[in-house]
Amino acid sequence: MTEPSSDDGRALRRETERVVNEVAQGLRALDAGVSWFSGLAPTCQQMVLREVAGYAMQAHITAADGRAGVERSGVKPTANPSVMICMDPPRYGFASLPSAEHVKAFRVLVSVFAVADTRRRERYCKGACGHAWHNLPAASEQP
Ligand SMILES: [Zn+2]
């Protein structure tokens, strides 16, 4: 297996930021985000999982966010990624899970990030903040 080149890495990080934040802000359905993720090569999926785990860490997710996110993710609460994110403190080693669990890990991570980020937008940002990812260009619902 080959590692993506650094240019590919940058493009993938930008794409990840857009897709994940569109899902978190209700501009894109979770299933649409999942089909984007499913189409990536396994090494790219691992890179995305590490990236989104970083967003979740920065959003300071709580165990309650974990439970609420798992509930909306469609993944069973007993699945590995669900158990990991609900720990206190959460475990973030999703990229090390077997590749068969990557899609579940993506669903769980994005859903939990959405819960924590929505709280941050509603309580602290209130539609007027300097977070680039909270000020996405409208109407980017593209396949
Ligand atoms: Zn903001």
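Predicted model: local features only at pLDDT ≥ 70, side-chain atom pairs only at ≥ 80, totals over all residues.
Residues are numbered from 1 along each chain as its sequence is written. Local features need pLDDT of at least 70 and side-chain atom pairs count only at pLDDT 80 or more, while totals for chains, interfaces and linings use all residues, and side-chain values use heavy atoms, with hydrogens and water left out.

**Exercise 1.** Determine which protein atoms are donors of the zinc ion and what geometry they form.

*Solution.* Begin with the donors (N, O and S atoms within 2.8 Å of the metal, or 3.2 Å for Na, K and Ca; water is not among the atoms, so sites may look incomplete). Cys 125 and Cys 129 each contribute SG, whereas His 131 and His 134 each contribute ND1, at 2.0 to 2.3 Å from the zinc ion. Along the sequence, these donor residues follow the spacing C-x3-C-x1-H-x2-H. Finally, the angles among the four donor atoms are 100 to 119°, and the site is tetrahedral, a term that for four donors requires all angles to lie between 85 and 135 degrees.

**Exercise 2.** Classify Cys 125 and Cys 129 as buried, partly exposed or exposed.

*Solution.* Buried means under 20% relative accessible area, exposed over 50%, and partly exposed in between (1.4 Å probe, protein chains only). Cys 125, at 6%, is therefore buried, whereas Cys 129, at 24%, is partly exposed.

**Exercise 3.** Describe the backbone at Pro 89 and at His 60, and place each residue.

*Solution.* The peptide bond from Asp 88 to Pro 89 is cis, with omega near 0°, and Pro 89 lies in the loop between α5 (80–85) and α6 (102–125); helices here are DSSP runs of H or I with at least four residues, numbered from the N terminus. His 60, although not a glycine, has a positive phi of about 50°, and its place is the loop between α3 (42–58) and α4 (63–73). With a relative accessible area of 63%, His 60 is exposed.

Definitions and conventions:
Tetrahedral: all angles 85-135°; square planar, octahedral: opposite > 155°, others 65-115°. Helix = DSSP H or I, 4+ residues; strand = E, 2+ residues; numbered from the N terminus.
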